[in-house]
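Have the sequence and the structure side by side as you read.

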Amino acid sequence: MPLVAANWKMNPSNLDDALDLVRGVMSVARGQAQNVEVAIFPPFPWLLSVSDLIIESGVKLGAQNVFWEMKGAYTGEVSPPMLKAICQWVIVGHSERRLYLAETDEMIAKKTAAALSAELGVIMCVGELADHYDAGMSEQIVSGQVRAGLASVAADDSARLVIAYEPVWAIGSGRNADPEFAYKTMRLIRRIVGEMIGAGAARKVRILYGGSVKASNVQQYVELPLCDGVLVGGASLDAEEFVKIVKTTSEVYGHR
Ligand code: PEP
């Protein structure tokens with residue numbers, strides 16, 4: 001089943017607005033639950049309130065980050081078991097964390113392995129910077145990130161693993177990637193995952209596209225044969241827009 005994931009980042013700025021946004025998404029997501037999995041990723045302080053609200057709605061909940069240790073003296077961090085108590089999903093290695101928090105491939109690999117071991121679903125993000133894209137280095141960068149990030153992942157984890165291909169130059173820029181280009185990179189990702197955990201297990205790993213997805217362009221991505229859904233940032237903050245993205249995805253997969 002395709003996954004449509006809403007990364008709210010550090011938005012909206014108060015809990016009431018966050019709950020309004022959830023209400024706007026919930027009613028529609030329930031109706032599409034046969035064809036599409038919807039997951040929302042609010043900021044940490046609101047996870048509990050959102051969790052209470054979405055109970056029995058079919059909408060899944062996720063966090064935007066996690067630490068790799070299970071407990072201990074790690075000020076400010078949140079462990080996989082703590083998240084597992086209220087979430088089904090976590091995003092790991094988002095480019096904004098790579099850029100602003102200096103997260104390395106090694107840290108991302110540890111987070112991915114730790115979250116999977118706590119039985120969370122993981123969306124691991126990969127993607128090249130604009131300079132790399134301009135220099136024709138996209139494949140080299142993305143394959144390096146996938147190989148490093150999956151270093152400790154086992155074939156058994158494949159059903160809970162999602163890789164989001166998010167070219168950094170497409171995130172929040174309004175410059176979404178050409179679908180043919182996105183397809184080639186996703187095909188590369190699928191091949192590398194197969195090399196690492198075996199082709200059978202790799203088929204269970206879902207691959208998403210992310211980067212300036214909106215209602216008017218989502219169809220061209222979800223129609224791609226290898227695309228298992230989308231990771232949506234800015235457009236997920238507008239309930240109407242996000243709901244259109246969910247509906248389009250549901251329609252496309254309903255016809256497959
Ligand atoms: C993201 O942050 O993961 C993202 C894809 O953002 P946007 O949709 O705003 O480009």
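Q: In the loop between which two helices is Ala102 found?
A: This is a predicted model, so positions here come from a prediction. One of the two helices covers residues 95-100 and the other covers 105-117, with Ala102 in the loop between them. Those helices are α4 and α5.

Q: Is Ala102 buried or exposed?
A: The cut-off for exposed is over 50% relative accessible area. Ala102 comes out at 54%, so it counts as exposed.

Q: What is phi of Ala102?
A: Most residues other than glycine have a negative phi. Ala102 is a residue other than glycine, yet its phi is positive. The value is near 55 degrees.

Q: Which peptide bond is cis, and what is its omega?
A: Most peptide bonds are trans. The cis bond here joins Asn11 and Pro12, and Pro12 is found in the loop between β1 (3-7) and α1 (15-32). Omega for the Asn11 and Pro12 bond is about -20 degrees.

Q: What is phi of Lys9?
A: Lys9 is also placed in the loop between β1 and α1. Lys9 is not a glycine, but its phi is positive. The value is about 55 degrees.

Q: How does the radius of gyration of the chain sit against the globule rule, and what is it?
A: Start with the parts: the chain has 11 helices and eight strands. For 256 residues the globule rule gives 18 Å, and the chain is close to that, so it is as compact as a globular protein of that length. The C-alpha atoms fill a box of roughly 45 × 45 × 35 Å along the principal axes. The radius of gyration itself is 17 Å.

Q: What percentage of the residues in the chain is buried?
A: Buried means under 20% relative accessible area. Out of the 256 residues in the chain, the buried share is 54%.

Q: What share of the contacts with a separation of 6 or more comes from residues 24 or more positions apart?
A: Contact here means heavy atoms within 4.5 Å. Among the chain's contacts with a separation of 6 or more, residues 24 or more positions apart account for 71%.

Q: How far apart do the centres of the positive and negative side chains lie?
A: The chain carries 24 positive and 29 negative side chains.

Q: How is the ring pair of Tyr165 and Phe181 classed?
A: There are seven aromatic pairs by the ring-centre rule. For Tyr165 and Phe181, the centres are 6.5 Å apart and the planes are at 55 degrees, so the pair is tilted. Tyr165 sits in strand β6 (residues 161-165) and Phe181 in helix α8 (residues 179-197), so the pair ties together parts that are 16 residues apart in sequence. As for the class, the answer is tilted.

Q: What is the centre-to-centre distance between Trp169 and Phe181?
A: Trp169 and Phe181 make a tilted aromatic pair, with 50 degrees between the planes. The pair links distant parts of the chain, with Trp169 in the loop between β6 and α8 and Phe181 in helix α8, 12 residues apart. Trp169 is buried at 8% relative accessible area. The centre-to-centre distance is 6.3 Å.

Q: How far apart in space are Ala164 and Cys125, C-alpha to C-alpha?
A: Ala164 is in strand β6, and at 0% relative accessibility it counts as buried. Beyond residues up to four places away in sequence, Ala164 touches Ile123, Met124, Cys125, Val126, Leu208 and Leu231. Ala164 and Cys125 are 39 residues apart in sequence, but in space the separation is 4.7 Å.

Q: What separates the C-alpha atoms of Asp134 and Ala151?
A: Asp134 is found in helix α6, and it is exposed at 58% relative accessible area. Asp134 and Ala151 are 17 residues apart along the chain, and their C-alpha atoms are separated by 28 Å.

Key:
Residues are numbered from 1 along each chain as its sequence is written. This is a predicted model: local features need pLDDT of at least 70, side-chain atom pairs count only at pLDDT 80 or more; totals for chains, interfaces and linings use all residues. Side-chain values use heavy atoms; hydrogens and water are left out. Helices (H or I, at least four residues) and strands (E, at least two) are DSSP runs, numbered from the N terminus. The radius of gyration is taken over C-alpha atoms; the globule rule is 2.2 Å times the number of residues to the power 0.38. Buried means under 20% relative accessible area, exposed over 50%, partly exposed in between (1.4 Å probe, protein chains only). Lys and Arg count as positive and Asp and Glu as negative; His and the chain ends are not counted. The place of a charge is taken as NZ of Lys, CZ of Arg, CG of Asp or CD of Glu. Rings of Phe, Tyr and Trp (its six-membered ring) pair if their centres lie within 6.5 Å; planes under 30 degrees apart count as stacked, over 60 as edge-to-face and the rest as tilted.
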